[in-house]
Amino acid sequence: MTSTSTFLEGTDISINRLTIRRWLERHVHVRRRPMMDVVLPCTLNQHAAGAVFMGNHPHPYETSTIEKTLAHRREIDSLIPEGSDFTPIMTLYLTDHISPDEVVRGFKEGVWRAAKLYMANQQGQGGTTGSQHGVRDLRGRYPVFAAMEKHQIPLLGHFEAVEEKVDEFDREIRSVNRDLKPLMKAFPGLPIVFEHITDGRAAEFVAEANHNIQATVTCHHLMHNRNVLFWEGLNPLKWAKPVFKKEPHRRKVRKYVTSGHKRFGAGTDSAPHDEVAKCRLCRCAAGIFTALSAVEFYAMVFDEDNALPHLEAFLSENFVGLYGMKPSEKKMTLVRQPRLLPLKVGDVWVEGGGTSLPWELLAA
Ligand code: DOR
Ligand code: ZN
């Protein structure tokens, strides 16, 4: 492989084959069975060393207690082939109700390795799939955050303001100023992951903060700006939360990612919904299903930015220790050869379906 220094000098390079450590999927939704039966194998086939599972299932099945999280873990385990060394990483779905003691106990007993923060507004409306049972009273959860800080339990945050009057495209930055900054001030030692970051201002904040904070970035937010929602007619398949932003935001986030900033790592937020949920006239479900070819998408982005030497750190190394993982010693290989994507997996439309990607991921 061409060395990073050659790359940084801007030498014209051409990489056609790239063998790197197996990656860590830092944010994925696999739902429950039977949908899980078709979508979880997609993540497994992407040679991930492990994945962080988000449990925002329809109430009362969200992973908001030890018992419910263990039940979800059993479902996942039942689909992992015998002998696989794939590591499922479970997350607590934080509510207004769980006690600091249970949060700590679940962590110490290895039930979850992190807590996921979804927020709902005072009317109990959530800003994304399954967030209406999330936290309404962030201040009221400060005793939980204090316990998490003490025990170094990572907080994985969906930072978007969900009040109806907030402009859709400003939800993320509003939440940074209103929720995240006070939280960081109150808990300077709390490890935080800013999930699926999209706003260039938020990315700059994360990159420069004097705090143990990092961000996951999806492949869809690296590939598209908000035009894609409207191009050739309103497109529900591109409806995801946070919503795609203007091009300068996409570019700024992408710049941090492909320049090799260590605080940014891959988390696809691959979020399958069946066709009925995606295509209903009102209340289209938010979510884009990228699990089938996430690594190829990320590779395409880094390749376009002439940044392939930074791909391995982004996929497989940056802040994996936060989830109790080590960078995998096992390898996977990307080859520059066309990969045609199917339109659908089961009843789920595939991001990029029907098109051909320039890279294909193979085992080592
Ligand atoms: O687009 C999204 N889909 N964003 C989220 O935050 C949740 C996810 C889902 O679960 O469908
Ligand atoms: Zn998600």
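Me: How many bridges join β7 to β8, and how do these strands run?
Reply: There are 3 bridges between β7 and β8, and the two strands run parallel. Strands pair if DSSP finds at least two bridges between them; helices (H or I, at least four residues) and strands (E, at least two) are DSSP runs numbered from the N terminus. Please note that this is a predicted model, in which local features need pLDDT of at least 70 and side-chain atom pairs count only at pLDDT 80 or more, while totals for chains, interfaces and linings use all residues. Residues are numbered from 1 along each chain as its sequence is written, and chains are lettered from A and ligands numbered from 1 in the order in which they are written.

Me: Which residue is the bridge partner of F194 in β8?
Reply: F194 has A215 as its bridge partner.

Me: Is β8 enclosed or open, and why?
Reply: Strand β8 (residues 213-217) is largely enclosed by the rest of the structure, because 5 of its 5 residues are buried. A residue is buried if 20 or more other C-beta atoms, placed from the backbone, lie within 10 Å of its own, exposed if 12 or fewer, and partly exposed in between. Both faces of β8 are covered: I213, A215 and V217 are buried on one side, and Q214 and T216 on the other.

Me: What is the order of strands in the sheet?
Reply: The order is β2-β3-β4-β5-β6-β7-β8-β9, an open sheet of 8 strands with parallel pairing. The edge strands, each pairing on one side only, are β2 (24-28) and β9 (264-266). From one strand to the next, the twist averages 30°.

Me: What does α3 touch on the sheet?
Reply: Helix α3 packs against β3 (50-53) and β4, and its direction makes about 155° with that of β4. Such angles run from 0 to 180 degrees between N-to-C directions, with axes fitted as lines to C-alpha atoms, for helices over the stretch in contact. Two residues are in contact if their C-beta atoms, placed from the backbone, lie within 7 Å.

Me: Changing topic, which residues of α4 are buried?
Reply: In helix α4 (residues 100-108), the buried residues are V103, G106 and F107. Seen down the axis of α4, they fall within an arc of 100°, so they line one face of the helix; the arc is that of the directions from the helix axis to the C-beta atoms. On the other side of α4, D101, R105 and K108 are exposed.
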